[in-house]
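Thanks for making the time, everyone. I would like to walk through one model with you, going from a helix pair to the chain interface and then to some backbone details.

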Amino acid sequence: MQDRSTTVDGVVSRLRDGMTIGIGGWGSRRKPMALVRAILRSELRDLTLVSYGGPDVGLLAAAGKLRKVVYGFVSLDSVPLDPHFRAARQRGELDVAEYDEGMVLAGLRAAAARLPFLPTRAGLGSDVMALNPGLTTVTSPYADGEELVAMPALELDVALVHMNRADRAGNGQYLGPDPYFDDLFCAAAAEAYVSCEQLVSTEELLHTGPLPSLLLDRTHTTGVVETPNGAHFTSCVPDHERDEPFQRQYAASGKSAEAWQEFRERFLSGDESDYQQAVDAFHAGATERQEARVR
Amino acid sequence: MNDVTRAEVCAVACADSWADAGTVLASPIGIVPTVGARLAKLTTAPELLLTDGEAQLLADVPPMGSGADGATVEGWMPYRKVLDMLAGGQRRVMMGATQIDRHGNQNISRIGTWDAPKVQLIGVRGAPGNTINHTTNYWIPQHGPRVFVESVDVVSGVGHDRARRVGARYHDVSVVVTDLAVLDFAGPEATMRLRSVHPGVTVEQVQENTGFPLAIDTVEQTRLPTSEELDLIRSTVDPKDLRSQEVAQ
């Protein structure tokens with residue numbers, strides 16, 4: 001089988017300005033953050049992002065990488081709103097297509113099935129229709145004659161997702177409770193890149209989880225990268241929970257230009273290994289402060 | 001039962017909104033609606049499907065804040081199944097609202113203009129799909145004129161006027177429970193009507209805190225929890241009293 005393994009920079013070298021990129025996960029859960037951080041380090045710009053949005057949206061918006069965001073929501077889960085997405089929107093600098101989250105699913109399914117659209121009830125009567133002027137309805141050709149929303153295919157140039165395990169051929173395994181929509185993001189994309197906590201041999205894949213945990217097969221995987229703790233600070237259970245103290249630090253970095261600058265210098269000025277070291281130092285510092293208080 | 005708290009009155013009002021739900025997935029957003037759904041499962045709606053807030057369905061009712069600890073898991077409900085089943089109608093939600101109008105149009109998307117909103121909120125999320133597909137009720141923990149508005153800035157959840165206009169056959173927005181009152185849509189042309197006020201709350205107080213005229217005919221007092229319900233709330237459903245964080249006494 002073809003070895004599809006690559007590096008985070010190898011993935012980013014395949015991306016171009018103006019591309020439409022779908023990012024898997026959900027809110028602040030199992031986001032391919034190492035790949036997002038690699039995009040932050042790059043010169044890429046004018047990207048359109050399709051996402052069940054979390055800090056992937058906020059970070060890329062704050063760094064000025066985005067022209068447009070297509071989403072149903074943007075949230076950090078335990079922190080309801082992402083401050084950087086919010087600030088970019090309120091400055092009026094971000095183009096958006098806001099859909100019902102089920103409409104996003106319909107759009108991904110349509111793209112994955114090479115259909116121009118899929119009908120759905122979601123959106124009817126709401127302002128989603130007015131906010132997306134290109135969006136139109138379709139009348140059932142059958143006896144019911146019901147009018148439905150024709151959700152257009154959300155065709156992606158590239159999908160980026162994060163798995164718990166993968167092999168070098170690009171078979172991907174999730175071990176948490178929810179697959180989210182990662183297989184659909186990959187199927188809706190011309191190219192899909194999978195980062196994972198751990199690259200294992202194909203024989204080892206079923207040592208850690210049951211057959212249905214093999215969410216991605218290699219038909220859709222263009223490249224695969226091992227990025228331990230690569231979903232940080234979002235959750236990637238059972239490998240790790242969300243890093244709540246760090247997420248609070250991230251949320252606080254939206255308070256001012258200075259706070260963002262400081263966060264950026266401290267955590268995002270180097271490569272992925274610098275980032276992981278800075279995170280370790282962040283926690284070590286917190287522990288020392290805690291111990292000092294106890295003493 | 002003089003020591004019944006406002007939060008407990010609200011929880012029981014929320015529980016009543018699930019009473020006729022049957023075998024459906026209960027999706028309560030917020031603490032008090034969650035107390036309500038769990039209480040309903042223990043009393044009037046034993047067939048409700050409850051989740052741990054993630055992807056597990058729970059056959060019994062664990063205490064609030066304990067996740068699935070000690071509960072029997074009876075099924076798997078990841079987000080994509082939720083999105084499919086809500087279109088199939090086997091779900092009932094109680095959502096929040098940043099704004100809501102007299103027709104039940106709800107906004108959780110943004111305040112201000114589209115191009116440069118004054119406040120960007122979470123996004124329409126599942127509100128358009130929920131309201132067009134299955135029973136959707138609302139929980140407002142702080143009843144005030146900034147929430148109850150003449151006209152919402154973005155229609156996320158669909159109200160009765162718009163539902164009628166698009167012939168929404170599965171639209172069913174029934175009640176709005178707040179920290180002051182229970183409202184429904186039995187006013188003229190399916191507009192918001194004050195159904196009951198909580199103990200210690202006046203009709204005038206509710207109207208003052210609502211940014212549009214409410215339909216008001218017979219206003220009852222919201223019913224108090226029975227002693228069985230009170231016992232279930234305090235000892236089984238919410239022993240840590242998380243409900244008081246959402247509605248102070």
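**Helix packing, interface and backbone**

Let me begin in chain B, where helix H1 (residues 6-16) packs against helix H7 (residues 227-237) at an angle of about 105 degrees, the two axes lying 11 Å apart. Please keep in mind throughout that this is a predicted model. Since angles of 65 to 115 degrees count as roughly perpendicular, H1(B) and H7(B) are therefore roughly perpendicular to each other. On the H1(B) side the contact is made by Glu8(B), Ala11(B) and Val12(B), and on the H7(B) side by Glu229(B), Leu230(B), Ile233(B) and Arg234(B). Sorted by class, that contact of H1(B) with H7(B) has four nonpolar and three charged residues, with no polar ones.

Moving on to the two chains, how many residues does the contact take from each? Chain A gives 41 residues and chain B gives 38 residues, and the area buried between them is about 3,400 Å², with 52% of it coming from carbon and sulfur atoms. The rule finds six salt bridges across this interface, and between Arg169(B) and Glu146(A), which form a salt bridge, the closest N and O atoms are 2.5 Å apart. Between chain A and chain B there are also 23 residue pairs in polar contact, both residues being at pLDDT 80 or more. Among the elements of chain A that give two or more residues to the side touching chain B are strand S3 (66-74), helix H4 (83-90), strand S4 (95-98) and helix H5 (101-112). By class, that side of chain A has 20 nonpolar, eight polar and 13 charged residues.

Over all chains the structure holds 32 salt bridges. In chain A, Arg67(A) forms a salt bridge with Asp95(A), with the closest N and O atoms 4.0 Å apart, and this pair links distant parts of the chain, Arg67(A) sitting in strand S3 and Asp95(A) in strand S4, 28 residues apart.

Finally, the backbone of chain A. As background, most residues other than glycine have a negative phi, and most peptide bonds are trans. Asp77(A), in the loop between S3 and H4 of chain A, has a positive phi, near 70 degrees. Which residues are joined by a cis peptide bond with omega of about 5 degrees? They are His232(A) and Phe233(A), and Phe233(A) lies in the loop between strand S11 (223-226) and helix H9 (244-252). A cis peptide bond also joins Val237(A) and Pro238(A), with omega about 0 degrees, and Pro238(A) is placed in the loop between S11 and H9 of chain A.

Note on methods
Residues are numbered from 1 along each chain as its sequence is written. Chains are lettered from A and ligands numbered from 1 in the order in which they are written. This is a predicted model: local features need pLDDT of at least 70, side-chain atom pairs count only at pLDDT 80 or more; totals for chains, interfaces and linings use all residues. Side-chain values use heavy atoms; hydrogens and water are left out. Axes are lines fitted to C-alpha atoms, for helices over the stretch in contact, and angles run from 0 to 180 degrees between N-to-C directions. Helices (H or I, at least four residues) and strands (E, at least two) are DSSP runs, numbered from the N terminus. Angles under 35 degrees count as roughly parallel, over 145 as roughly antiparallel, 65 to 115 as roughly perpendicular and the rest as oblique. Contact means heavy atoms within 4.5 Å. Ala, Val, Leu, Ile, Met, Phe, Trp, Tyr, Cys and Pro count as nonpolar, Asp, Glu, Lys and Arg as charged, and the others, Gly among them, as polar. Buried area is the accessible area (1.4 Å probe) that two parts lose on being put together, summed over both. A salt bridge is a side-chain nitrogen of Lys or Arg within 4 Å of a carboxyl oxygen of Asp or Glu. A polar contact is a pair of N or O atoms within 3.5 Å; within protein, one must be able to donate a hydrogen and the other to accept it, and residues adjacent in sequence count only if both atoms are side-chain atoms.
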